[in-house]
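User: I would like to go through a structure with you. Could you take my questions one at a time?
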Amino acid sequence: MLMLVIRFAVVTAVVQISRYVKRFYVRRFANNVNRRMKETLYGSLVKKSRASLREEGEGNIMTKAILDVDDCVEGMRKFTTEIFDTGVALTAYLCMLLWYDWRLTILCMLTAEKMKKVIQKAGAAYKEQSGRLSTATLDRAENAMTYRVFGLEKKRQAVYEENLTSYEKAAVKANIWNAAMPPIYRIISMAGVFFILY
C-alpha cells in the first residue's frame with residue numbers, strides 16, 4: 001500500500017511540474033507571438049498613406065487590430081494549454097490505471113467510447129436542428145409580407161412550428177445526455193470504493 005501511495009505522489013508531482021514548465025513556456029510563446037504580430041501590424045500601418053487611414057478611421061483600425069491580435073494570441077494560448085493539460089493528465093492517469101488493473105481499464109475505455117458516440121450523435125442532431133430552425137426563422141422574417149399577400153402565412157406558421165418542435169426535442173435529448181453523464185460517472189467511481197476496500 002505504501003508503494004502505491006508513493007507512486008501516486010510521484011505521478012502527481014510529475015504532472016504538476018510538467019504543468020508549471022508548460023505554463024511558463026506557453027506564456028513566453030504567446031507573448032512573443034503577440035509582440036511579432038503587433039510589430040508587423042504597426043509596420044504596415046506606418047507605411048499606409050494618411051488618406052487611406054483617414055478613410056478607414058485611425059481609431060477603428062487600431063482598436064480592431066489590437067483586439068484581433070489579443071484574441072488570436074489568447075486563443076492559441078488556451079488551445080495549447082488545454083491540449084497539454086488534458087494530454088499529460090490523461091496519459092498519467094491511464095498509465096496508472098493500466099498498471100493497477102488493465103482488464104478493467106480497457107473495459108472502462110470501451111464503455112466510455114460507446115457513450116461518447118451516443119452523446120456526439122445527440123449533439124450533432126441538435127446542431128442540425130438548430131441550423132434548420134435558424135433558416136426557417138430567417139425565411140419567415142424575410143418573406144413574411146410575401147406569405148401574407150399570397151395567403152400562405154398559416155401554412156408557413158405550421159412548418160415553422162414543426163421545425164421548432166424538432167429543435168426542442170433535439171435540444172432536450174442533447175441536454176439530457178450532457179447532464180446525465182457526470183452523476184453516472186460519480187456513481188461508477190464511488191461504486192469502485194467497494195472493490196478497493198474488498
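Analyst: The answers that follow concern a predicted model.

User: What is the end-to-end C-alpha distance of helix 4, and what should its residues span?
Analyst: The end C-alpha atoms of helix 4 (residues 102–142) are 59 Å apart.

User: Which residues of helix 4 are buried?
Analyst: They are Thr 105, Met 115, Ile 119, Ala 122, Gln 129, Leu 133 and Ala 136.

User: What lies at the start of helix 4?
Analyst: There, a side-chain oxygen of Asp 101 comes to within 3.3 Å of the backbone nitrogen of Arg 103.

User: Turning to cavities, how many of 30 Å³ or more are there?
Analyst: The structure holds one. The largest cavity contains about 50 Å³ of space.

User: Which residues line the largest cavity?
Analyst: The lining consists of Ala 136, Asp 139, Arg 140, Tyr 147, Arg 156, Val 159 and Tyr 160. Four of these residues are nonpolar, none is polar and three are charged.

User: Which residue forms a salt bridge with Asp 139?
Analyst: Arg 156 does, with the closest N and O atoms 3.2 Å apart. This pair links distant parts of the chain, since Asp 139 is in helix 4 and Arg 156 in helix 6, 17 residues apart. Arg 156 is partly exposed, at 28% relative accessibility.

User: And Glu 74 with Arg 77: how far apart are they in helix 3?
Analyst: They are three residues apart, so about one helical turn separates them. Their side chains meet in a salt bridge at 2.6 Å, N to O. Glu 74 is partly exposed at 31%, whereas Arg 77 is buried at 16%.

Note on methods
Residues are numbered from 1 along each chain as its sequence is written. This is a predicted model: local features need pLDDT of at least 70, side-chain atom pairs count only at pLDDT 80 or more; totals for chains, interfaces and linings use all residues. Side-chain values use heavy atoms; hydrogens and water are left out. Helices (H or I, at least four residues) and strands (E, at least two) are DSSP runs, numbered from the N terminus. The expected span of a helix is 1.5 Å times one less than its number of residues. Buried means under 20% relative accessible area, exposed over 50%, partly exposed in between (1.4 Å probe, protein chains only). A polar contact is a pair of N or O atoms within 3.5 Å; within protein, one must be able to donate a hydrogen and the other to accept it, and residues adjacent in sequence count only if both atoms are side-chain atoms. On a 1 Å grid over the protein atoms alone, a cavity is a set of points where a 1.4 Å probe fits but cannot get out, and a pocket is an open set with protein on both sides within 12 Å along at least five of seven lines; lining residues have an atom within 4 Å of a point. Grid points are joined across faces, edges and corners, and a volume is the space filled by probe spheres set on the points. Ala, Val, Leu, Ile, Met, Phe, Trp, Tyr, Cys and Pro count as nonpolar, Asp, Glu, Lys and Arg as charged, and the others, Gly among them, as polar. A salt bridge is a side-chain nitrogen of Lys or Arg within 4 Å of a carboxyl oxygen of Asp or Glu.
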